[in-house]
Amino acid sequence: MTSLKLVFFLFLSLILISCSNNSKESEYNWPIIKVENKPGVYWWWMGSAVDKENITYNLKNLSDAGIGGVLVIPIYGVQGEENKYIDFLSPKWIDMLGYTSTEAKRLNLNVDMTTGTGWPFGGSHITKKDAALKIRYEKYSLQKGESVHIKIDPDTIQSLRAFSDNHKSIDLLKLINIDNEIFWKATNDDWQIFKVWTEGTQQKVKRAAPGNEGLVLDPFSSQSMLFYLERFNQAFKTYNAPLIRAQYHDSYEYYNATWTNNFFPDFLNINGYNLQDYLPELFSQKDSDIVKRIKADYRNTLSELHHQYIKTWVSWAHNHKWITRNEAHGAPANILDNYSLSDIPETEIFGTTFFNIPGLRQNSTNIEESIFKPLILKFSSSAAHVSGKRLISSETCTWQHDHYMVSLAQIKPELDQLFLAGINHIYYHGNAYSPKNAVWPGWLFYASTHFEPENTIWQDFPELNKYVTRCQSILQNGLPSNDILLYWPIQDIWHSFTDLQIKVLNVHTIDWFTNFPISKIANNLKNRGYDFDYISDKQIMNLKVKNNALLSHNVTFKTIVVPECNYIPLKTWKQLYLLAEKGATIIFHNKLPKSIPGFSNFNTKQNQFFESLKNLSFIKSDSIDYIKIGQGKFLVTPHLEKALKNTNVNNESLINYGIQSIKRKRKNDMGYDYFIANLNNKKVNNWITLAVSYDAVIFFDPLTGNKGAAKTRINEQKKEIYLQLDPGESLIIRTYNESPKIIPSWKYRGIFKDDIIVKGPWKIEFLTGGPSLPKSIMVDTTILWSDLNIEEYDNFSGTAKYTTTFSIDKKEKNYLYELDLGLIYESAKIKLNGQDAGSLWSIPFKKNIGKYLKSGTNKIEIIVTNLAANRISYLDRNKIIWRKFFFVNINYKKYDTSNREIIDSGIIGPVRILKSTII
């Protein structure tokens, strides 16, 4: 080797070593923040009355607060601003979108847009031909010898069939005369005639923006979707700014849509038989087998047509180099498959979850206590995990409480619940574009929560966003690590609810989930510390087997669990059998499925299914029936947990301490990342085990950004981690397959030595807010300024500073000093001896302040921000007009707070400094 080549080789080696070291080094630090790690906001353009100066003003406010993206949704306008309205997709509107995209790029923000205005899709160019339809029918009963005269509308008629008691049928449309009339006499038998026609639902786009008022699109027609999108094709021909990131489709709210103009031919193509031959069954409410099967085929057809509708939209967006975000829930369709179509599946949380966290202010008017809410959220993340999508979004905090009644402390556990469900791309609902000169409270969308600068929670909003960003920087990386695929038997839903034509699967009314065995299995798995992903029939067809594990888009699963169900498609059954032959373990809970679904080619398929069952000769062993199939096996058992252990699926013992968790596997087998949260009322102070092996563990605190090496030990041949977690707290646990470099130890609380009460007196100064700034006052102890019973304090919403001094005889090393504010309403920034000591905005309101303390006298400033509710009530009591737009309360009734009680504001305390040993 020449000397020159040797020098080059050594140089290259040093670079590679350096890159390798840097890669490992980054494993021990927080990831470098990317724009998509940051939360985004729904950004409503009211009347699209936007201008370039205020677009920049709004975007900069959001960027400065730590927001990483906006979703542009044009909606209804503001009274008195009509001359500024911009018609949707007009050249000026496109210019404003282009300017937005340009400014967002400069400010490092993503821009998404809804493919329309308001919701759902539709608008001014949609005629009856492409609008949403519902099916109508009328039944005539004729006895032998009776005649009937029927007038029809050739534009809406779908079918006119006569059915005899002897199961004969006649197509009466063949008898239509020139006047669109039919005269017919019943002969030989008694007959029933079904006249079937369509009507437009007459639904119009909800909260439409100027230039897009009109009918809602037919959600079962790909052709109508293409027609709808042509308007966008034409409008974007003049667009010459940076590309927006994504197109967005809101949750399915196409009310009463039950048909499409080509439904009968589509049904025939999908099912292989003519639905017109079974109109009595389609419109029957009897609980008979054939009625269930015909209705199931009808519902399945609607599901497939809506799937193609969304697929058409996704393909169109991709052709324009945009990705897509889709809220699949609410549709009468397989939401797992429809979530999977989009690049970013998106769920939503509506209302408030009850959390048994001490000190968390609950509002009984809007609490959902359903234990199934987290399980519904998993449908979107499951679709993403199974289909290989990295980002899973959520419309977050929609109507969490009534206007200006939501605190940051209330938001955090809702976000933690989303993270635990696999969501990793939060979008707040939301923020309304508002010009700089708008009078307080600015322009507002009617649905709370309000993430706008005019809202008082904006004062500490950046701290919430730092928390979300840190969590998402971890949760968006690596691969999902859920061992179980839980089969969703949607055909059981399609065969139920015989009193309905369609069944929508929304996130509010969830009998489509709770009425079926899958809900109990999912809840039991969750409560026993097993994490899982739902899987659909279509998705099962794409699974592969490698080393006895199931693979889907490079994500590995150990088994499929099939809940007790009545119906399973023959294709799905055959695929499960094939997967077992290749080495997979399939677990059937309680019993095997009973039947093949639907009426299409039923006898042939059912016979094939039964023949397959006959060939299964199960062996009983330890309450589990099993049969070897090729390299794998089928298990049938009522004891699911025992079967999972048999399949080497381990649960997380964290759940035994009330700790919920989700984990992801880091790339290159470097370890696992856990997100854990204590959403209960008990402290955790225990040695715990994890379900994965590791050499070392580092704790990362997403609230503060702190990190430290966790204490570990071997106990009874099991490796354990020491964990302390108060109610309301969350943590990221990173495991490592090799010992990391020297990392400072995590600081654990030991024995409490002192409890220093910061008594006062306190000076309270009012810094920012309104309707006016009250005068400063001195108080003997911490007190709510709303308890002073003085009008100017009662009305005030904003930020006030509590200041006092206290003394510490001696600050000692190797002790932990924690500031505990007790109860505060609602958040606070801390200054200690002139230094910023951080913020307290979530429960528990505690913070390590040791490095800011000194022996002797200390000065503490607590800068407290309350809710904006009292200021709004002041406006209402004084009849000051501020609602210049459509605005309702949480019950969609008139919003008037003039008689509302004053909302607590300030510090109750007690303010303490807790001194403890560090262990």
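# Notebook: hairpin, helices and sheets

I began with a hairpin. Strands E35 and E36 form it, with 2 residues between them. Glutamate 716 sits in the turn and has a positive phi of about 55°. I then looked up the pairing. E35 covers residues 712–715 and E36 covers residues 718–725. They pair in the antiparallel sense over 4 bridges.

The protein chain has a mean pLDDT of 95. I noted that 97% of its residues reach 70 or more. Where does pLDDT stay under 50? I found this over residues 4–21. For that stretch the model has 1 contact beyond four places in sequence. Where pLDDT is low, the predicted coordinates should not be read in detail. I left residues 4–21 at that.

For packed helices I look up two things: the angle between the axes and the distance between the axes.

I took H5 and H7 to start. H5 spans residues 263–271 and H7 spans residues 289–319. Their axes come within 10 Å and cross at roughly 100°. Angles of 65 to 115 degrees count as roughly perpendicular, so H5 and H7 are roughly perpendicular to each other. From H5, the contact uses Phe263, Asp266, Phe267, Ile270 and Asn271. From H7, I listed Asp297, Tyr298, Thr301, Leu302, Glu304 and Leu305. Sorted by class, the contact of H5 with H7 has 6 nonpolar, 2 polar and 3 charged residues.

Next came H9 (residues 373–387) and H10 (residues 408–420). Their axes come within 9 Å and cross at roughly 55°. That makes H9 oblique to H10. The crossing of H9 with H10 is right-handed. I wrote down Lys373, Pro374 and Leu377 on the H9 side. Glu414, Gln417 and Leu418 are on the H10 side. The classes in this contact of H9 with H10 are 3 nonpolar, 1 polar and 2 charged.

Then I turned to H16 (residues 570–581) and H17 (residues 602–614). Are they roughly parallel or roughly perpendicular? They pack at an angle of about 25°, with their axes 10 Å apart. Angles under 35 degrees count as roughly parallel, so H16 is roughly parallel to H17. Their crossing is left-handed. H16 brings Leu570, Trp573 and Lys574 to the contact. H17 brings Lys605, Gln608, Phe609, Ser612 and Leu613. I sorted the contact of H16 with H17 into 4 nonpolar, 2 polar and 2 charged residues.

**Entry: two open sheets**

Strands of a sheet pair through backbone hydrogen bonds, either parallel or antiparallel.

I followed E38 to E49 (residues 912–918) and found antiparallel pairing over 6 bridges. Arginine 749 has isoleucine 918 in E49 as its bridge partner.

**Entry: backbone details in loops**

I looked up two cis peptide bonds. One runs from glycine 770 to proline 771, with omega near 15°. Proline 771 is in the loop between E39 (762–770) and E40 (777–779). The other runs from glycine 909 to proline 910, with omega near 0°. Proline 910 is in the loop between E48 (906–909) and E49.

My last stop was tyrosine 404. It is not a glycine, yet has a positive phi of about 60°. Tyrosine 404 lies in the loop between E17 (393–398) and H10.

Methods:
Residues numbered from 1 in each chain as written. Predicted model: local features only at pLDDT ≥ 70, side-chain atom pairs only at ≥ 80, totals over all residues. Heavy atoms only, no water. Axes fitted to C-alpha atoms, helices over the stretch in contact; angles between N-to-C directions. Parallel < 35°, antiparallel > 145°, perpendicular 65-115°, else oblique. Contact = heavy atoms within 4.5 Å. Nonpolar A, V, L, I, M, F, W, Y, C, P; charged D, E, K, R; others polar. pLDDT = per-residue confidence, 0-100. Pairing = 2+ DSSP bridges. Left-handed = near helix turned anticlockwise from the far one by under 90°.
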